[in-house]
Amino acid sequence: MTDCLFCRIVAGELPATVVLDTEHLFAFRDISPQAPTHVIIVPKAHYANAVELAQAAPALTGELIAAAGDVAKQDGIDSYRLVFNTGADAGQTVFHAHLHVIGGKPLGPSGLDLH
Ligand code: 5GP
Ligand code: ZN
């Protein structure tokens, strides 16, 4: 048993609205969507963040990003923002690497909230 929220979702221990389930990847709708499409894609294996994932498993990282295209196609959108929050000060709250796929409405020029 793990205390990682996304490992628990991948394991089916916590409910989620699943949009993709492949050999290496799992995708589900964000519980607090910021746009009509807001999907989280995770590797089934645990890595703390996107950079650790990319350093340890570059092919899997490519698979993860490519899966965003499948999610977007499934939701019928062709414009979307891909976000990897990395580190607490950047807004990362779940320390299991994940890609946000956000779209389905005009998102504005950057979406970056830099103060
Ligand atoms: P982060 O802030 O770490 O980049 O993204 C974590 C995301 O996970 C947030 O957008 C948050 O709304 C989402 N989230 C947190 N807890 C849950 C949950 O239990 N289920 C789902 N589906 N999403 C969650
Ligand atoms: Zn995990």
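1. Leu60 touches His24, Leu25, Pro43, Tyr47 and Leu53, leaving aside residues up to four places away in sequence; contact means heavy atoms within 4.5 Å. The model is predicted, with pLDDT of at least 70 required for local features and 80 or more for side-chain atom pairs, whereas totals for chains, interfaces and linings use all residues. Residues are numbered from 1 along each chain as its sequence is written, chains are lettered from A and ligands numbered from 1 in the order written, and side-chain values use heavy atoms, without hydrogens and water.

2. Leu60 belongs to helix α3, residues 58-75 (helices are DSSP runs of H or I, at least four residues, and strands of E, at least two, numbered from the N terminus). Leu60 counts as buried because its relative accessibility is 14%, buried being under 20% with a 1.4 Å probe and protein chains only.

3. Phe84 is 24 residues from Leu60 in sequence, and their C-alpha atoms are 15 Å apart.

4. Around ligand 1 there are 15 residues, of which Asp30, Gly91, Thr93, His98 and His100 come nearest (a residue counts if one of its heavy atoms lies within 4 Å). In this shell, α1 (5-10) and β2 (25-29) each supply at least two residues, and α1 gives the most, with three.

5. Polar contacts are pairs of N or O atoms within 3.5 Å. An oxygen atom of ligand 1 lies 2.7 Å from a backbone N or O atom of Thr93, and a nitrogen atom of ligand 1 is 2.9 Å from a polar backbone atom of Arg29. The side chain of His98 places an N or O atom 2.8 Å from an oxygen atom of ligand 1.

How values were computed: Buried means under 20% relative accessible area, exposed over 50%, partly exposed in between (1.4 Å probe, protein chains only). A polar contact is a pair of N or O atoms within 3.5 Å; within protein, one must be able to donate a hydrogen and the other to accept it, and residues adjacent in sequence count only if both atoms are side-chain atoms.
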